[in-house]
Amino acid sequence: MAKYILSLDQGTTSSRAILFDHEQNIAGVEQKEFPQIYPREGWVEHDPMQIYSTQYSVMTELLAKANVDARDIAAIGITNQRETTILWDKNTGLPVYNAIVWQCRRTSAIVDDLKNSGLGDYITKTTGLVPDAYFSATKIKWILDNVRGVREKAEKGEILFGTVDTWLIWKLSGGKAHVTDYTNASRTMIFDIHKLDWDDRLLKELAIPRAILPEVKPSGYVFTSVQINGVDIPIAGVSGDQQAALFGQCCFSSGDVKCTYGTGCFLLMNTGKKAAVSGNGLLTTIAAGFSDKVHYALEGSVFTGGAVIQWLRDEMRLINDSADSGYYASKVADTGGVYIVPAFTGLGAPYWDMYARGCIVGITRGTKHAHIIRAAQESIAYQVMDLLHAMEKDMNIKIIELMVDGGASRDKFLMQFQSDICHIAIVRPSVQETTALGAACLAGITVGFWKDRNEVKNNQQRYAVFESEMDEQKREKLISLWHKAVGRSLNWAE
């Protein structure tokens with residue numbers, strides 16, 4: 001009997017491979033970072049071949065270092081950075097352009113054109129999304145319109161589009177499968193989340209040929225197989241990273257909420273079979289599952305979460321290591337009145353301002369570097385708080401518990417401040433790699449490695465719980481000043 005599920009976690013800054021055993025223990029991890037490409041202000045790209053090569057490399061290195069035979073792998077699960085867009089030549093297998101990353105804002109003008117043509121409400125009603133450069137659709141159009149010869153090839157059926165999962169599956173299978181899952185499709189802004197099909201009207205408006213699009217399947221499904229050391233291993237679970245984290249956190253019931261703290265922060269609530277419509281700038285998306293009777297989720301996105309700490313380290317040189325931020329933040333009693341709004345690539349929900357830009361306000365002669373670091377830390381929690389409050393309004397409920405994961409969730413200072421400013425319990429599970437675990441669980445349940453969701457849930461343990469300690473008057477004052485600071489950042493870029 002196979003001993004492991006292999007999870008491939010392709011993220012915004014690195015590719016990772018993780019082995020999980022039947023008890024959901026991690027049996028091995030390998031990770032490689034890859035370069036971020038910034039051709040112009042607001043543009044973000046990746047080299048698709050580096051995405052694949054780093055992912056393939058960590059996969060093979062993990063099996064070698066862990067001394068695991070390919071026959072001991074029951075299945076592979078894939079989870080990925082979403083919305084990032086890749087077009088490649090069907091015949092050569094080579095990308096026609098760099099991957100345009102989810103953070104990239106180059107297509108803002110195309111989005112404005114869609115809004116001005118009156119399509120905004122139709123996009124939201126059909127796809128569950130708000131028109132924004134964040135999603136794949138306008139990135140596809142940009143490549144078709146701006147890379148010489150690509151549109152002509154696309155019209156002939158010689159070009160393929162995929163989000164990162166589709167690209168990896170195509171490469172790993174040797175070009176056998178051009179496929180995606182419902183969660184990734186639901187992030188493209190051209191997929192009807194109710195009919196579960198690509199939307200012809202939006203394809204026509206954006207001049208995107210249907211022939212370039214992948215086939216769409218449930219997240220728990222045998223998509224194809226990968227041959228490793230002569231052994232065919234099924235790819236049996238695929239999900240966008242945030243829906244994978246929702247599944248990995250065992251948020252299986254309507255009303256369950258999780259937040260992943262990564263490069264960005266992503267708050268998702270399972271809303272069951274109801275596609276909840278937000279009145280507060282949140283998105284309706286598809287949650288990971290096993291059939292075409294899908295469950296839905298409400299989602300809010302913080303574009304710049306942990307990335308603000310990377311900025312402190314790499315650009316501002318205020319810290320040497322990201323882990324130092326919590327230490328310095330705890331060395332001062334507060335921020336000294338300083339607020340950072342890290343709108344480096346605009347603001348997501350509930351503001352949805354593509355033209356917002358980052359700002360630091362409240363600086364005085366007494367401001368120290370520790371105040372700046374603490375303000376950066378707190379900015380992550382404030383942005384998540386805005387999403388949480390929007391979610392409570394939409395669902396008319398009071399959220400009392402938030403499941404957390406991702407790199408920054410290990411930061412005790414940040415998690416305590418998150419609990420304080422939201423006045424809720426923050427719960428961190430023992431397995432921090434919940435995104436990779438979610439993909440593994442989808443694959444494992446699909447092939448019978450685990451019996452069902454109940455068996456997965458029974459294996460999960462809580463590691464830490466943070467309870468609110470801040471008094472209400474202080475909380476309200478801090479929140480009021482945060483919103484004042486946000487107001488300074490809105491509609492800045494021209």
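Which residue forms a salt bridge with Lys-398? Glu-392 does, and the closest N and O atoms are 3.6 Å apart. A salt bridge here is a side-chain nitrogen of Lys or Arg within 4 Å of a carboxyl oxygen of Asp or Glu. Glu-392 is buried, at 12% relative accessibility. Buried means under 20% relative accessible area, exposed means over 50%, and partly exposed lies in between (1.4 Å probe, protein chains only).

## About the model

This is a predicted model, in which local features need pLDDT of at least 70, side-chain atom pairs count only at pLDDT 80 or more, and totals for chains, interfaces and linings use all residues. Residues are numbered from 1 along each chain as its sequence is written, and side-chain values use heavy atoms, with hydrogens and water left out.

Strand β1 covers residues 4-10. Helices (H or I, at least four residues) and strands (E, at least two) are DSSP runs, numbered from the N terminus. Seven of the seven residues of β1 are buried, so the strand is largely enclosed by the rest of the structure. Tyr-4, Leu-6, Leu-8 and Gln-10 point one way. Ile-5, Ser-7 and Asp-9 point the other way. Both sets are buried.

Two strands pair if DSSP finds at least two bridges between them. β1 pairs with strand β5 (residues 73-80) in the parallel sense, over seven bridges. Within β5, Ile-73 is the bridge partner of Tyr-4. β1 also runs antiparallel to strand β2 (residues 14-20), with six bridges joining them. There, Gln-10 has Ser-15 as its bridge partner. A hairpin of three residues connects β1 to β2.

## A covered helix

Helix α9 spans residues 241-248 and is mostly covered. Eight of its eight residues are buried. They are Asp-241, Gln-242, Gln-243, Ala-244, Ala-245, Leu-246, Phe-247 and Gly-248. Cys-250 follows α9 and has a positive phi, near 60°.

Asp-241 also belongs to a network of salt bridges.

Side chains of opposite charge can pair when their charged atoms come close. The structure holds 24 salt bridges. One of them joins Asp-89 to Lys-153, with the closest N and O atoms 3.0 Å apart. Asp-89 lies in strand β6 (residues 86-89) and Lys-153 in helix α5 (residues 150-155), so the pair ties together parts that are 64 residues apart in sequence. Asp-89 is buried, at 6% relative accessibility. Lys-153 is partly exposed, at 34%.

Asp-69 and Arg-71 also meet through their side chains, at 3.0 Å from N to O. Asp-69 is partly exposed, with a relative accessible area of 32%. Arg-71 is exposed, at 62%.

## Aromatic pairs

The whole structure contains 24 aromatic pairs. Rings of Phe, Tyr and Trp (its six-membered ring) pair if their centres lie within 6.5 Å; planes under 30 degrees apart count as stacked, over 60 as edge-to-face and the rest as tilted. Tyr-52 and Tyr-56 have ring centres 5.8 Å apart and planes at 40°, so this pair is tilted. Both residues lie in helix α1 (residues 48-65). They are four residues apart, about one turn of the helix. Tyr-52 is buried, at 16% relative accessibility. Tyr-56 is partly exposed, at 37%.

Phe-303 and Trp-352 make another pair, with centres 5.9 Å apart and planes at 70°, so it is edge-to-face. This pair links distant parts of the chain, 49 residues apart. Phe-303 sits in the loop between β18 (296-302) and α10 (307-314). Trp-352 sits in the loop between β19 (339-341) and β20 (359-361). Phe-303 is buried, at 4% relative accessible area. Trp-352 is buried too, at 16%.

## Charges over rings

A charge sits over a ring if NZ of Lys or CZ of Arg is within 6 Å of the ring centre and within 35 degrees of the ring normal. The charged end of Lys-171 lies over the ring of Tyr-52, 5.1 Å from its centre. Arg-106 has its charged end over the ring of Trp-142, 4.7 Å from the centre.
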